[in-house]
Structures are given as C-alpha cells and as structure tokens.
Amino acid sequence: MKKVPFENNRRSFLKKCGLSTIPLLLPASAMNAMTLTESNSNKLYSNKTPVNFIFDGLAMSPNDYLIKLQEINKTKAIETDFYGKGGVVKLLEEKFAMLTGKEKAIYLPSGTMANQLAVKLLNGNKTKVIVPENAHIFRDEADAAQSVHNKRLIPVGKGKAFFNLMDLENTIDYLNKNEVFKSGLGTIVIENPVRRADGSIVPLETIKEIAAYCKQKDYKMHLDGARIHIASAYSKVSLLEYASYFDTVYISLYKYLHAAGGAILCGEAKLIDQISHQIKILGGTVFQNWHNAAVALHYLEKIDEIWEKTISASIKLMDSLKQISGVNLESLTNGTNIYNLQLSENINSKKLAAYLYNEYNIWMGGANGAGVVKFTINESILTRDIEEIIKAWEHGIKKARD
Ligand SMILES: Cc1ncc(COP(=O)(O)O)c(C=O)c1O
C-alpha cells in the first residue's frame, strides 16, 4: 500500500471526491485527522457510495450524479427550464409551495441569495433586521445585507444556540431606548436547525412565542431552513407547521436533497413575484437549472420515508457502536443528526479513520481540539447493510488500539 505525504494525500482524496474546498466549511475541519492512502485500497468498496459520517448528504461524485440523473430521466423524461422558468423547475417550485403551504415558491441559484432577497423585500424601506448571532445570514454572507441591500443586521443571542422571546424583546427595547433616529425594524430571522450549534433545533414553543409577538408588533419573519427537513425528521414537526410561523422560508437543494446547488424560497405571491427581477439585477439568472431541480425533486418526493429509515438504521448502528469498549457517543441538547463521538486514549482516531477509509470506504471526520469527532448521520448509511458498517467499525477499532 503506497503511502503519500499527508497534504498531497488529503488533497488527492478531496479532489477525487470533488470536495477540495470542503474543509473550509466544516466545523472542525473534518479531514484534519485523516492519514490517507492515495485511494481506497480495497477494491470491493472503492466503487461503492462512500458511507460518510461527515457531510450533509451523500457526497455524490460527478459519476454518481450523472448516473442518478440518467435513472431519473429514464423514469420520466426531464423537461428543461428556460432561465429558471418552466419544466422540472416549475414542478419543483409547485411541490415546495404545496409542502410549505405558501402561495408560491421560486428557484434561486444559492441560499445566500434567497436569504438576502427575502429580508430585503420583507423589510421594504425599513433598515433593521434582527438575526441570530451565530446564523449563516449574519456570519457567512459577506455583509451582503449591509453592502448590497442597505439593510442593517442586528445580532441577538451571542453565545447561545438560539435566541428566545426575552432576548428579542430586550434587544428591541434597547434599540428603542438608545437610538435617536427610528429607521425601523422590519424582519426577524430564525435559522433552524442551527448549523453553528451542530444542527440543534430551535424548539417549536420558542418559534411560536416569537411568531405571536412578531404578529402583534407587525414584524415579518424569515426562516433560514437550509436543512429544515432534518429538523422535521427529528422533531416530527412537519415542514408545513414550521413554515406556518414564517412569511418566507428558504430551503437548500443541495443539503440532503443532493442537487449540485440551488435554493428555494417560498412565500406570498406578491413577494415571490418580485424575486426573478432581483436575481437578474444580481447577475444570478442562469440559463438552465434542470439538472439541480430534477435531482432535488427526486429526493424531495421520498424525503420523509428516507429519513424514517435513516433514523431507525442509525439507532441500531449507534447502539452497537456504544457497546464497543472505549467508544462514547452522545446526543446533543435539542440535537438532530450530529452526535459527539469520543474515543478513549488508547484508540488512535487517525488510524481508525484511515482504516475505515482504506478498507471500507467509510469516512469519519477528524477530532476537534477537545478530542470530539462530530459524528454526522445521513442517508449514506442506507447504501450498505448496517451489520457490515458495524463490523467495519469493530475491526477498525481493534486495529486502532495502541
Ligand atoms: C444555514 C445556512 N443558510 C444558508 C446557506 C447558504 O447556502 P448557499 O451555499 O446555497 O449560498 C448555508 C450554506 O452552507 C447554510 O448552512
């Protein structure tokens, strides 16, 4: 088995998977702890879908993606769109409007654009938008609200997974008392589940309280529901119910719906009808989008069933992993599909990760500074017999004991 230096090694692994920028996005740089060989040495598994305990979904390679598109096209010929209008894009928009109970839905090239345009249009001439301090819209959208849309984002809930009604009221009171020029608060944003809190859920009661208050004060509400299907799968609160508390809802097409990219924004017709003009202004109008829409629609149709099966398989898997001496797996408060995995000191997590990758094409993330691996469950566990995955971990841990 030819070993290559770590950096080259990691790069070639990521390149092979088409994931060369992923470590930048991962909370604890999931690849850090891996010492990998140039390719999986076990041919039995190298052509199979990787079982990954790292990503938001299947981590499909270009080849997997093309095969999936062909499968979808064979079942029912995919109809093209024209600049995002018609064909399978229209079918996807109709399906999302139905699932969220909103009048309309529209396809956008990215979730960042969906979030930004939603708050811009909901806010109208008002400038202030309240956002969670740990949210993507506040920390990861390059200050687009301030620099492009003339909106001022005001963060709430620093140091917490989510803000509650009291945090919100205190912030609004403070602004009212301490600002001379009343330029107006228009919109409150909630992200659910919360990416920077390891996918934990904002409790339904908290959302209800905030929504009732906003209704009374005439503030609009936007949901960054990039991964809302995961919140629904674990909380058993339907997408329809979550959406009912918000004026606009954004959902990602590439997190758990496995498209190569894209986003959906749902809301009242009078707002959604303004979006395509705004997309054009921002240079985001793309000639054809059917390849994203077809894949997202395919997975959307079975998402509830897929997650019921995924959760039940994951319970079996984790119950078995917990039986192995030195393995500790813990759920998080209000948690969803991300768990804290800790290995005892005599188990070398780098050796384990390398073994699982080389022998079984199973991907495990690296430990953070506190020695915790964020162990992420996704439907890739359904692509193999669960007993086989358990056996792989048992073998791996045996090999990785010092
Ligand atoms: C919670 C959340 N909102 C919005 C986005 C933005 O999505 P996009 O990459 O499509 O712009 C992301 C992407 O990681 C996200 O995690």
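Helices α11 and α16 are oblique to each other in this predicted model. The geometry behind that description is simple to follow: α11 spans residues 228–235 and α16 spans residues 303–323, and the two pack at an angle of about 55 degrees. Angles from 65 to 115 degrees would count as roughly perpendicular and those under 35 degrees as roughly parallel, so this pair belongs to the oblique class. The axes of α11 and α16 lie 10 Å apart, and the crossing of α11 past α16 is right-handed.

Attention can now turn to the ligand. The shell around the ligand holds 13 residues, of which G111, T112, D224, Y254 and K255 come nearest. Sorted by class, this shell comprises five charged, five polar and three nonpolar residues. Helix α6, covering residues 111–123, supplies three residues, the largest share of the shell.

The side chain of Y254 places an N or O atom 2.6 Å from an oxygen atom of the ligand. At G111 the backbone takes part instead, with an N or O atom 2.7 Å from a ligand oxygen. For Y250, a side-chain N or O atom is found 3.3 Å from an oxygen atom of the ligand. As for cover, the ligand on its own has 390 Å² of accessible area, and the protein covers 88% of that area.

Note on methods: Residues numbered from 1 in each chain as written. Predicted model: local features only at pLDDT ≥ 70, side-chain atom pairs only at ≥ 80, totals over all residues. Heavy atoms only, no water. Near = heavy atom within 4 Å. Polar contact = N/O pair within 3.5 Å; in protein donor to acceptor, adjacent residues only side chain to side chain. Areas by Shrake-Rupley, 256 points an atom, 1.4 Å probe, with all protein chains shown as cover. Helix = DSSP H or I, 4+ residues; strand = E, 2+ residues; numbered from the N terminus. Nonpolar A, V, L, I, M, F, W, Y, C, P; charged D, E, K, R; others polar. Axes fitted to C-alpha atoms, helices over the stretch in contact; angles between N-to-C directions. Parallel < 35°, antiparallel > 145°, perpendicular 65-115°, else oblique. Left-handed = near helix turned anticlockwise from the far one by under 90°.
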